[in-house]
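Here's a quick briefing to keep beside the viewer while you click around.

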Amino acid sequence: MSSPISKSLKASQDWLQEHVLSHCQDVKPFSFLLGDDSDEHFVRVWGVYLDGSTDVERVTQTFMPLLQETFRRGPYNSLHEFRDHLRAPDASVATKWSRAVDALFSGQTLFFLDGYEGVLTVDKTKKPERTPEDPPIETSIRGPRDGLVENIVDNVALIRKRLPTPDLCCEYFSIGRRSHTRIALLYMRDVARPSLIDAVRRRLSGIADMDELTESAHLEELLEDRALTLFPTFDSTQRADKSAAVLSEGRVVLVTDNLPTALIAPATLQQLLQSVDDYQDRFPFATMTRVLRWVGLLISLILPSIYVASTEYHQDTLPIFLLLSLVSAHRGVPFPTPIEAFVMLIIFELFREAGLRLPRAAGQTVGIIGTVVVGDAAVRAGLASTGMLVIMGITAVSTFTIPNFTLSNAVSILRFLFLIMATVFGDIGIVLSIVLLVAHWAGLRSFGVSYLSPFSPFEWSDWKDTFIRIKWTRMNIRPRSLRTADRVRRGAPKK
Amino acid sequence: MTVSVRKTWRWIVALFPALLTTGCWDSAGLDNIAYIHEVAVSYRKGVYTMYATILNVPVVTETSEKAMSEKAAPVYVVRARGNSWIETVNNMFPTSPKRLMWSQFTTLILHESLLKTHYLDVIDPLLRYREIRPTVWVYGTRAPLVKLFQTKMPLEPNPLYTYINNPNEVRVFGRVFPSVRIHTFLRELNEPGISPLLPELSMDTPKKVTWYKERDKMSFMTVSSVGVFSNRRFVGWMPRNALMGLMWARTDGLRVPLFIRRPLIATVYLHYNKVKISSVQRHGRTFFTIRIRGKADLAEQSQEIQVLQLTEQIQTRMARDVMRTFQAGVALHSDVLGLGQQAYRRYGFLWPLHTKTEALRSIRLRPDSLQAVSVTLIRAHSGMRFVMPP
């Protein structure tokens, strides 16, 4: 592969025939003559392109006339000299087969000129892709509609469009021996903490000898601080405006080729509970929704276990009328409350999974069957109590308020653990679980930033953008916990 | 040991103490429990008699909801006897088909016969039992306990809604002596210089009011008086005519109506009195003055009278009420207005000179200990006039 490309057209044809053309039928060869037939000074050209990834029309209509015209102005001693006279910025010369093959499979067109060493590559790619549209999982009411797409260049351009400044740095990394996945590391040079950029850069370069990298979750695993945790230490987004916003906040964004999802680091727990809409509404409403999301997180974690602990162990914690209605609802149900809770939780997860795997229209049907038919029938048949159904319903709805999908999945697993603890130990089990959970959170780091910041370590000035959000005009300082190079967002720097 | 094994051990060690916790192992399904709700105790000739109400949970399912009528007994009443209190309770337990639980126990009624003898022997074990919280409402009574538990209350067949279980809601319209929770009662019982007051539940029907259900007259419970204690000993019931002074000077006076009958007819509402007790020590004795300030709403008034004149009449009336209450308390050798407590706290600096007992003796009340009661009212609302014929 690393052998040089020879002068002889025949040798090049043979090499390509043996190494590529014989088994990749989507690579199409073509040939033509440069110069007139009558003219004795002409060169035979042979080229290849990747069918479907190359814009053939542009190659034939704009590049080939240019080639012809440049050739007429010749003669040239080498292909490099030829290229220098060619008025096409996307043309370059490859002298090694390895580079030529990489270029071919990234969609460039190769032109072999008989008698010249090396090959002329022209980047006229046109890969199948979609236009930017509203991301389906991160919808916003007032925000822009151009979400990230599967093309890294487009994605960087979408972000760059919002931050047209040389301070927005873009560094490309290529990972994967076979996949050659390009990853763009974006950061604001004068804002982001230098040690953060160094750490990300070091970890990216340190990814040793991967075969392929196709998922952002894989990249997340390769880069994260702690190997074993349920919780995401990267935030992810499919929105260009959110990417730009976190960049100017002092975080870094990693865009992976062929994926519409960008990774954001460092991420904290409170950041995972924020949504884009929080910044697009009046601040009291944003505060209310954020508080609701925290409540949702708490409810989805502990409500089933609280219910089991109260009904099994701590009947005195229930007000008398609630107790009476729960007793009368549970009367005749053959299972003890903990078993009932486990079964209902498993059924809930089943319905959720079924709804996700099915096409969207069928997913709704599953939802209706789950809620109306099975729930109602279970109560009528005396298999489940109405109290338990209400608890499960509230838990399910609360789970959906968590904006980050990975976080809500982590909560789904923890809910089972909490339920086991509550079944065995009652309220003490719940308290113990919460203590262990908070301890685990406190031990998590995302690129040196504590997962619980700004609550722990305590950073009062960062609280303005946590479960409360103050007026945007008052958020003059960037989050302290990020230890940004430029702390001031608005106004004169404080001394 | 590798890091992961060590970590696993750390988790096991962290979780192990949880296994040592007690009290959480007796898991019981919600519907396999019977809940004790009210308990009344009397004592006669060495025998304790206990009446307990046990909640009867109505079967509410979608189909039977409408079928449930008022006839369904909301509670079961259990009577148990024994030679000691603990024995009495334990006599009840084996007869229950379900496990009995005290976690919803809300009302304790102590009969006069018990109050005069071993009432602390009943309260103490109850509060030591882990399922019972010290937020139980506590009442005294003179009525036979059987009668109390057989009464069909007006408005609600469900006793949970009646005011002995939700007393503060009923008090909103005033003239009901505030109910006490057992922690308040015991706190005042153990405090020198104040007499705890125990509201009395009675079956007496006021002459001017009758409740009907269809054609039958219904009986109902009222808080008619209060029991008075002195040095942890029950000394008797407060006379009815001396109760109003307690309203003015001891309670917070949440909208208490005051009816004036002579020389003119008027009704005034008193709100949130501020009571200030001051004391002086003279010749080894302590003398008190009470100052009451508050707002009054004039609700009705039958003939034209100067506001100042009416206010003065009300003030005199209130001062007389307070003085009468004080005298009734002194007659029972108790400090119903909590005067002594003020001096007891105020003259703490004198304690090194006297001993505590001497200090307490100096504040012991005699009929002349309360020297003056002054009442100042501000008229907040002028109300209706001439609604009644002159």
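Predicted model: local features only at pLDDT ≥ 70, side-chain atom pairs only at ≥ 80, totals over all residues.

Chain A has 16 helices and 12 strands, and it is split into domain 1 (9-122), domain 2 (152-267) and domain 3 (279-450). Chain B is split into domain 1 (29-237) and domain 2 (243-390). The two chains touch, with 20 residues of chain B in contact with 21 residues of chain A.

**Overall build of chain A**

- The C-alpha trace of chain A spans about 105 × 65 × 40 Å along its principal axes.
- The radius of gyration of chain A is 30 Å, whereas a compact globule of 495 residues would come out near 23 Å.
- Of the 495 residues in chain A, 37% are buried.
- If you take the contacts in chain A between residues at least 6 apart in sequence, 64% of them join residues at least 24 apart.

**Where domains 2 and 3 of chain A meet**

- The C-alpha centres of domain 2 and domain 3 of chain A are 34 Å apart.
- On the domain 2 side of chain A, 14 residues are in contact with 11 residues of domain 3 of chain A.
- Helix α6 (residues 194-205) of chain A provides the largest share of that domain 2 side, namely three residues.
- Sorted by class, the domain 2 side that touches domain 3 of chain A has nine nonpolar, two polar and three charged residues.

**Chain B: its contact with chain A and its own domains**

- The side of chain B that touches chain A has 12 nonpolar, five polar and three charged residues.
- Inside chain B, 19 residues of domain 1 are in contact with 19 residues of domain 2.
- Two strands of chain B, β11 (222-230) and β12 (233-237), each supply at least two residues of the domain 1 side that touches domain 2 of chain B.
- Of the elements on that domain 1 side, β11(B) gives the most, with five residues.

- Two packed helices are described by the angle between their axes and the distance between the axes.
- In chain A, the axes of helix α15 (residues 405-425) and helix α16 (residues 427-443) come within 7 Å and cross at roughly 140°.
- The crossing of α15(A) past α16(A) is right-handed.
- From α15(A), the contact uses A:Leu414, A:Leu417, A:Phe418, A:Met421, A:Ala422, A:Val424 and A:Phe425.
- From α16(A), the contact uses A:Ile428, A:Gly429, A:Ile430, A:Leu432, A:Ser433 and A:Leu437.
- The residues of this α15(A) and α16(A) contact come out as 11 nonpolar, two polar and no charged.

- A:Ile306 sits in helix α10 (residues 283-312) of chain A.
- A:Ile306 counts as buried because 20 other C-beta atoms lie within 10 Å, and 20 or more is the cut-off for buried.
- A:Ile306 and A:Ile391 are 85 residues apart in sequence, with their C-alpha atoms 9.9 Å apart in space.
- A:Lys96 is in the loop between β3 (91-94) and α4 (97-105) of chain A.
- A:Lys96 has 15 C-beta neighbours inside 10 Å, so it counts as partly exposed.
- Leaving out residues up to four places away in sequence, A:Lys96 touches A:Ser2, A:Pro4 and A:Ile5.
- A:Lys96 and A:Val438 are 342 residues apart along the chain, and their C-alpha atoms are separated by 56 Å.

**Backbone spots to check**

- A cis peptide bond joins A:Ser453 and A:Pro454, with omega about 5°; A:Pro454 lies in the segment after β12 (449-450) of chain A.
- The peptide bond from A:Ser456 to A:Pro457 is cis too, with omega near 0°, and A:Pro457 is in the segment after β12 of chain A.
- A:His180 is not a glycine, yet has a positive phi of about 45°.
- A:His180 is in the loop between β6 (168-175) and β7 (181-188) of chain A, and with 14 other C-beta atoms within 10 Å, A:His180 is partly exposed.
- A:Arg483, not a glycine either, has a positive phi of about 50°.
- A:Arg483 is in the segment after β12 of chain A, and is partly exposed, with 16 other C-beta atoms within 10 Å.

Note on methods
Residues numbered from 1 in each chain as written. Chains lettered and ligands numbered in written order. Domains from an automatic or database assignment. Contact = placed C-beta atoms within 7 Å. Helix = DSSP H or I, 4+ residues; strand = E, 2+ residues; numbered from the N terminus. Nonpolar A, V, L, I, M, F, W, Y, C, P; charged D, E, K, R; others polar. Axes fitted to C-alpha atoms, helices over the stretch in contact; angles between N-to-C directions. Left-handed = near helix turned anticlockwise from the far one by under 90°. Rg over C-alpha atoms; globule rule 2.2 N^0.38 Å. Buried ≥ 20, exposed ≤ 12 C-beta atoms within 10 Å, placed from the backbone.
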